[in-house]
Amino acid sequence: MMAMCNRQLVFDKLRPFCVQLSKEHSRKNIVAVTKALEGIDRGCIQDLQEYLLFPLRIILKQPTKYSEDFYTDLFTLMEKILGCCRVWNWELFTDLFTLSCVMISSPSEQGRGEGKATAKSEDLKAAVVQNIKTLVSKSDYSIIQKLFSLQSLPVLGLAVSILLDLADTEKCRSLKVSAIKCLTELSQVDGKYCNKVRVMLGDTLASFLPGITITLCKIITGDQRQGHSVIATAIYAWTKIVGLTMDDILVEESQKRVTSAATGTIDEKLKTLAIKRDSIWVEMTGKKINILVKQICKVKGHSNWKVRLALAESAGSLLQGCTRTLHSSIPDFMEILVGLISDEYPNVANKSRKILNIFTHTHLGPECRPLVEMLEENLHNLSTSLPRIIRSVDEDSKFSALSLMSGYIDLLGSDINHLLMSSSHLKRLSLSLIQVFELETTDIKIIEERTSWIGHDADFISPVHVSDVVKPRKNFKHFHDKKIERELKNVCRLLGYYGSISLLVDHFLDLFHDSILHKMQATMIINELMMGAVGEGVNSYQEKDFEKRRENNIEELESIVEMLIDEYLSPSNLYLVTSPHHNHSVRSTPENRLMALEIVTHESGSQLSSFNRNIIQICLYLEGIGTFAKVLKDRYIPHLMKTIYPLLEKLGDETAYISSTAYLSLCDICHVCQYRSIGELVQRNADYLVNAISLRLRHFCENKKSPLVLKVMLQYSSKDILPLINDAIQEILDSLDENYEEEALLFLRVLNELVKAVFRWFKDCSGMAFEKKPQASGGSRIDDNLDVVSYIKEYLHLKRVSEGDITDSTSFQRNDEQLEEDCLEDREDMQTDEKKDPPLHVKVVKEVLLRCKHLLSSRNPTIRLLTLNTIAIACQALQSHQDELLPMIHEIWVPFSTRFVDQEKLVTKKAVESLMVMANTSGDFICRRCIKDVFPKMMHFLEKQAEISKGSSKAYLFTINFKLQQCILGQIGNLCKQLGVSGNNLDLVSSVSVLYLSARQPCVLQKAAIETCTILISLDPDPMWVKLCDLYHPKEFLSFVPFFKPVKFKSSPGARNEFSENITKLLKLPEMGS
């Protein structure tokens, strides 16, 4: 629609509506005027401003009261008119301003007092507030100047009071935000005027400053449910109004202006309302505002990032313009900014860092000592209150306190050394960190978790991924959030970066030695200090040249690292009691003496805590070694010889926490020293390690962990290391012979790892020749069974020979051939006698098997289990050396066969598994031995347990007897097939196996029995068919040949029983001919 700009035409159009509204005060006429204003040019509305507002002013001045909806439409129309023009007339402004304030103000006789909002609808209040905001924003400078004059102070005060009351008491969020924004607009804080005008505005606002700041502070610190928009808007208004009133430059100008205008005449009644911003007023007001600032500081932990961003901008704005007038609040502003530099939202953190950078560059340095002292005092106060804060329930307050501490240290920079030079300050800071770092040591998983993944496969795991998976967890007593832990470490690293590292390490080492209770915390802090000394992992809001600092301090760091390595690896620290089965040869330390006392007094709770404490303490030592490698980098190589042996020793520890930590530290060392893997590290330092092992084995009573190092070397090395460690292996074997009763298990674990390594290293060539041998023998046996013609020819030939029907030449020829065969066999025997010695790894495995022969009879079931496992692996390792394997099996057979009647069923189960491996590697060599010594024992057990397991409950499935049943039943079929069992021996096995085809047996045993019977059927189907039909046959079997009698079975044809279902499945097999 084309805009109507002709004044006369517009007037003619609007006049009837305005006249009608003047005569009849209704919502309909107001709506008509509103619609008539659509499309009219702003210039025309400016010309007709007073004419359009006249009927509205008349209505508002009349004593007649109308509905609230009518007044809402009226003020909406007024706001629309004012939004299209500017107000130049002071009388018009005061009239509209006063009428608007009166509309929503509450008379004093209603009991609410003057300056309070009336209890009217929210829509009406919102319309009036928006009208006031538009009226003020569209007013000319001359109007604003008169509004902020001393004569207009009561009217302005009324508006301020009403708006504050609305913002404070209303429930509607949009109305609260509108009231605060209107107050901001009324205060003229947008900076669009010159300093002279702003001085005048500040002088006037100073009269209302207490009420404005207190009310807005109440809103800011109020319930978070009022909404983040209300709080953020209130922070903005509070900042702008305080900034305008307390600005350093404006206050100075105001004091000069007040002095020059002192001679003027002022009304005595209004004079009492005026405020003189002299130095006394500024000092008192600054102190009072500081009280409010401390309250507002609590909002820095608000859940919404917009509130935190508004708070950071507020602190930055007041720091920039009010450093003199609000000097007492500078620490609180700094606290807000420092606490927000670690905010999780980047825009909040970046804004805080930017403000802090600007402020520190202009206010920190030698010439600004008072500010440095203020930061030091804040840091000391925070150190005093930190233990109390960290024991509170709120995790956010803990994180805020630690963020604040790291920010203070970062701001102080190298000036932190002045604080550390004070013994009282250093003691307070260190003790607070000690208390915060307190660890939880009551978790049973720490001592319970066993090493399972550490081995040769772990060598190929990327250290980056391993760190996330197996890194031991640290459970802190006073907090659980990971971000608190990260911030706490950052505090220590910042101390190490800026502070004197020698002073800090010496101080925490004193705490380390003072009390057992401080050892873990002091160790953690020292490790983090060393990381921070080279800038590793330091989270600073300022750019730092970390590498240059490391180069400057490298000499000092080397001496500190050398001292700490000696301290960490000292026997009194590294060899602590970590399990109830402690070693009596461990060193006498305060921790171990305390542990011994707890064991004697049977204090189980404290005993568990002490074990866990020692485990974590050792982990911290090992972590420290890895940390020192990161600190020194390539300069760590001279310390490698001192640390590699203890780390490998702990890598072989049974406790998962210790072995995992040692592995991670070794990964760090490999990375620093440029080894591709732990295996390469071990390989290239094998001579030193073997020498160390040998020296310690000579004093075995004091070094009972030394075999673990050889075990780890075997886990992580290749076959090239075998010649290097041969002497160490022989010493281990000799030590086992000398300490058979006491430490057999320790040595056996090493020997078990040895045969595993040999099998792993020579697996490719193992069994190549042997794989074809059983196949060939099996094939010939099958051919003999199938070649009936050859069998008959051989039978006829033997018959003729027995009757003498054979020529002499043939006999002589046969004798010559036999003589040649005997000579050939003698020659082969001579070659066998003169054959070369077996390889080194074969000799080693044979030596291990000789020791296993005696260990099989040990009274310790753990030793028997491990021995059987070692025998199984050794048989696999010697599979390609049958001439060596078979005599060894003969040597160990007698004690091995007795394990099948072992009192521990778990040992018997392991013996069955080992027998299967032995059968796979030695073929039918042990066939007669098994049939004579093993099968009767296993069949007796299966037959006896068949009655017990029949109809048993589900609880039986968890017994060791059931597991042994399952193991034997699952292996016996393959064992018979592998050994070539036949005839009566096979019948013995089948007779027991079919008992488990009963439907009353557990389903797992039925399944195993079906698989076993399937294998037995493939070996000899006819007897199995008869045996199955004796239990159940679905129909009567008749022969097609008349003179063959019908086959009779023990069961009746088609009579279903407990065996029916499973036997039916077996009879359907192709071998059964059904």
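Mentor: Arg27, Asp69 and Asp73 are linked in a network of salt bridges, a salt bridge being a side-chain nitrogen of Lys or Arg within 4 Å of a carboxyl oxygen of Asp or Glu. The model is predicted, so that local features need pLDDT of at least 70 and side-chain atom pairs count only at pLDDT 80 or more, whereas totals for chains, interfaces and linings use all residues. Residues are numbered from 1 along each chain as its sequence is written, and side-chain values use heavy atoms, with hydrogens and water left out. A search of the whole structure finds 36 salt bridges, and side chains of opposite charge can pair when their charged atoms come close.

Consider next Lys398 and Glu395, whose side chains meet in a salt bridge at 3.2 Å, N to O. These two are three residues apart in helix α21 (residues 395-412), and are therefore separated by about one helical turn; helices here are DSSP runs (H or I, at least four residues), as strands are (E, at least two), numbered from the N terminus. Lys398 counts as buried at 3% relative accessibility, while Glu395, at 22%, is partly exposed, where buried means under 20% relative accessible area, exposed over 50% and partly exposed in between, with a 1.4 Å probe and protein chains only.

Asp737 forms a salt bridge with Arg851, with 2.9 Å between the closest N and O atoms. Because Asp737 lies in helix α38 (residues 722-738) and Arg851 in helix α43 (residues 840-855), this pair ties together parts that are 114 residues apart in sequence. Asp737 is partly exposed, with a relative accessible area of 45%, but Arg851 counts as buried at 14% relative accessibility.

In the salt bridge of Lys910 and Glu913 the N to O distance is 3.9 Å. Lys910 and Glu913 are three residues apart in helix α46 (residues 905-922), hence separated by about one helical turn, and Glu913 is partly exposed, at 28% relative accessible area.

Leu964 is found in helix α48 (residues 960-979) and is buried, with a relative accessible area of 1%. Not counting residues up to four places away in sequence, Leu964 touches Lys905, Thr908, Lys909 and Phe941, contact meaning heavy atoms within 4.5 Å.

Leaving aside neighbours within four places in sequence, Tyr636 is in contact with Ile565, Ile625, Phe628, Ala629, Thr643, Ile669, Val672 and Cys673.
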